[in-house]
Amino acid sequence: MPSPRLQTVILLSIIVLCSCLYEKPQKEIVSNDQFGIELTLPYTLMIIPTIEKERFNEQGNRALSEVVQDKRIDTWTTILQAKRGFQNNYLAIASSYYDFELHGDDYAKQKSNRFQGNRLILERKGGVTIDEKRYFDDIDGVEFDCQEIKIEATENKKLLGFMKTFEKRYANNDLLIISITAKNESNYKFLNQVLNSIKLNRKL
């Protein structure tokens, strides 16, 4: 049987080893000077690796191209793409600039088309019922146009997920989009809490 001193050394070694194994990962800090974004990502929300992000964007662009008849002009720059777990629970932030010569002089129509594109992508799958709401909402005191979608299976009313998109046009025509998608109510609640923690130091 080990001596009391040796037992103490072994116990301390186990404690140190376990503390290393179960040490919490470092939180990701997201910032952006253009919009004054400040966000500390929770431990369970991880930034998507580049390869997965490229595949994710390619799938999204292909799906949107199939439902939008007009030629799309993609001028959006990704600020953040993060996910929770292995299901479709995502947070995305992107920016652009509204150029009247490039995009046309009707911003409201372009924004409405983007929201409509979100809905058409979901409806195109078939067998789903879409509950859509459009309203004004704010993040850290900044007012956004907001689209909120709840997706259910038409046959049995099973909840399939949520999508929520915020779009802001700033005074100099900078555009900011923040969106979340969630597979269930618990993840949707979690991602909405993350939205509420975002700081936007630029207000206009």
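Asn173 lies in the loop between β8 (159–169) and β9 (174–182). Strands here are DSSP runs of E, at least two residues long, numbered from the N terminus. This is a predicted model, in which local features need pLDDT of at least 70, side-chain atom pairs count only at pLDDT 80 or more, and totals for chains, interfaces and linings use all residues. Residues are numbered from 1 along each chain as its sequence is written, and side-chain values use heavy atoms, with hydrogens and water left out.

Asn173 has a positive phi, near 75°, and is not a glycine. Asn173 is also buried, at 13% relative accessible area. Buried means under 20% relative accessible area, exposed over 50%, and partly exposed in between (1.4 Å probe, protein chains only).

Asp140 is another residue in a loop, the one between β6 (128–139) and β7 (142–153). Its phi is positive as well, about 50°, although Asp140 is not a glycine. Asp140 counts as partly exposed because its relative accessibility is 28%.

| Residue | Phi | Loop between |
|---|---|---|
| Asp140 | about 50° | β6 (128–139) and β7 (142–153) |

Ser95 belongs to a strand, β5 (residues 90–97). Ser95 is buried, with a relative accessible area of 7%. Beyond its neighbours within four places in sequence, Ser95 is in contact (heavy atoms within 4.5 Å) with Gln34, Phe35, Thr75, Trp76, Thr77, Ile79 and Leu175. Ser95 and Arg169 are 74 residues apart along the chain, and their C-alpha atoms are separated by 10.0 Å.

Conventions. Helices (H or I, at least four residues) and strands (E, at least two) are DSSP runs, numbered from the N terminus.
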